[in-house]
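Here are my notes on this model, as numbered points. Please read them with the coordinates open.

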Amino acid sequence: MKILRYILFSASLIALTGCEKFLTTEPVNAVSDETTIIDKVSAETALRAVYRQFGNIGYYGENYVTFGYFPSGDIKNLTTGGSANFVNVNFRSDDVLFNATWVAIYGAINRANHVIAKVPTVNDPLLTAALKNQYIGEAKFLRALAYFDLARAWGGVQIILEPTTSLQSTPQVKRSTLAQTYAQVLKDLEDAEPLLPDAVNRIRATKRTVWALRARLHLYKKEWALAESYATKLIDKSADYTLVKPFSAWFADNVKASQESVFELQFSVNNPNSTRIQMAHSTNGGQYRYAPNDRFVQLLNDPNIGGGRKALIGSVTQSGITNWFGNLYYRRDATDPAYIFRISEMYLIRAEARAQQNNLSATTGSLFDLNKVRDRAGLLPSAAVDKTSILLAIEEERRFEFAFEPHRWFDLARTGRAKAVLEALDPNTKVADYEYIFPIPVTQIQLDKNLEQNPGY
């Protein structure tokens, strides 16, 4: 009998109202496909498994996060490992990291599909209609996030909405277009929103995580008014989401869940954040495989550019040599979270959307939002005055604000500016037009005759 392995969140995860019991249940090693979801307990187990898969090393546990900032022009590779190709924007279809990430994301989708398909049929008085709706809503939000992440990385992908009997099963369906994939993301979000609570929960899906993903989705689709509207929904919840000061306060040592965070993934000693392990210096238990390059260190240390965001980097001096490292995942140990949505992103989404709609005002428009983020970083208001300069200023602000989060490469790709920006930073870097999306892993193409490679690879 085939087995789906559902490894649960550790009891060390953060406790929030309505979540503590859900997230601290003792782990279960495996659940049979035939009896995966038969009652309230197994439904909760399966839903925990969806969240757990998002923390897989191939997904937000490391690979997908680094895909966002390795090809940024701001990172240097310190080993002979595979990250060198990403840093140099040399994307290869045979790179094992691409395949691991592809498999991890489809694994998350498959687990979500099990919840969505099976929870409605469960007959257990303890699994009330309200709980069923919530669990289905959470799974649909998570599936939407997974398909969005696939789409912005690879373009249109295979849309699978039914559970398979094995995480190793290949989809065996044709690829959808990018528009069709984004349409599926939107449908899942529209389905999820009425099923979810309107409440603060930084580690589980709610209506507010739906709003955050919708703001990002509409930004990518250039639907400016909708992007502004959904970002505003979160910004208006100022009692719950705040640009905390100083900048480092939202990821400081003593912070468990900052008001900066809209949604984040938690890790534990048994389920470590591999990004932190790879980035941290050896003096703090890390492997130090990559680091901010000298140019980026200089920029972040410039009080007129980095401001308070210099806290994103740290240094260790040994034998007279100073080694700089990324400091975002350095506050405790490998239990540092992965940040999916922060309120600063909502301000910068709204700033960009307003600028695109020619609302540049410093009191009610784009400059207002941009300057809110700059003020939190200890910087003076932006000197940008026209639409073009403001959009460039927002691009740079996102570069520093999200230095070690999965944004920079995807920002440059979605705006079509990757080639111009990265080749200007380093003439040795060459960005081909087809590299704005990643190659489909060759392993997947070999497994599935229906899967076509992206042009150019």
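1. Helices (H or I, at least four residues) and strands (E, at least two) are DSSP runs, numbered from the N terminus. On that basis V431 sits in the loop between helix 16 (418–425) and helix 17 (442–447). This is a predicted model: local features need pLDDT of at least 70, side-chain atom pairs count only at pLDDT 80 or more, and totals for chains, interfaces and linings use all residues. Residues are numbered from 1 along each chain as its sequence is written, and side-chain values use heavy atoms, with hydrogens and water left out.

2. Overall make-up. The protein has 17 helices and 8 strands. Of its 457 residues, 58% count as buried (under 20% relative accessible area; exposed is over 50%, partly exposed in between; 1.4 Å probe, protein chains only). Take contacts (heavy atoms within 4.5 Å) between residues at least 6 apart in sequence: 69% join residues at least 24 apart.

3. V431 again. Not counting residues up to four places away in sequence, V431 touches V89, W409, A418, K419, L422, E423 and Y436.

4. Helix 2. This helix covers residues 40–54, 15 residues in total. It reaches 22 Å from first C-alpha to last, close to the expected 21 Å (1.5 Å times one less than the number of residues). 14 of the 15 residues are buried, so helix 2 is largely enclosed by the rest of the structure. D39 caps its N-terminal end, with a side-chain oxygen 3.4 Å from the backbone nitrogen of V41.

5. N99. This residue lies in helix 5 (residues 96–118). N99 counts as buried, at 19% relative accessibility. A polar contact of 2.7 Å joins its side chain to that of Q444 (N or O atoms within 3.5 Å; within protein, one able to donate a hydrogen and the other to accept it, and residues adjacent in sequence count only if both atoms are side-chain atoms). Leaving aside neighbours within four places in sequence, N99 contacts P441, T443 and Q444.

6. Strand 4. 5 of the 5 residues of strand 4 (residues 261–265) are buried, so this strand is largely enclosed by the rest of the structure. Strand 4 runs antiparallel to strand 8 (residues 338–342), joined by 4 bridges (pairing needs at least two DSSP bridges). E264 has Y339 as its bridge partner in strand 8.
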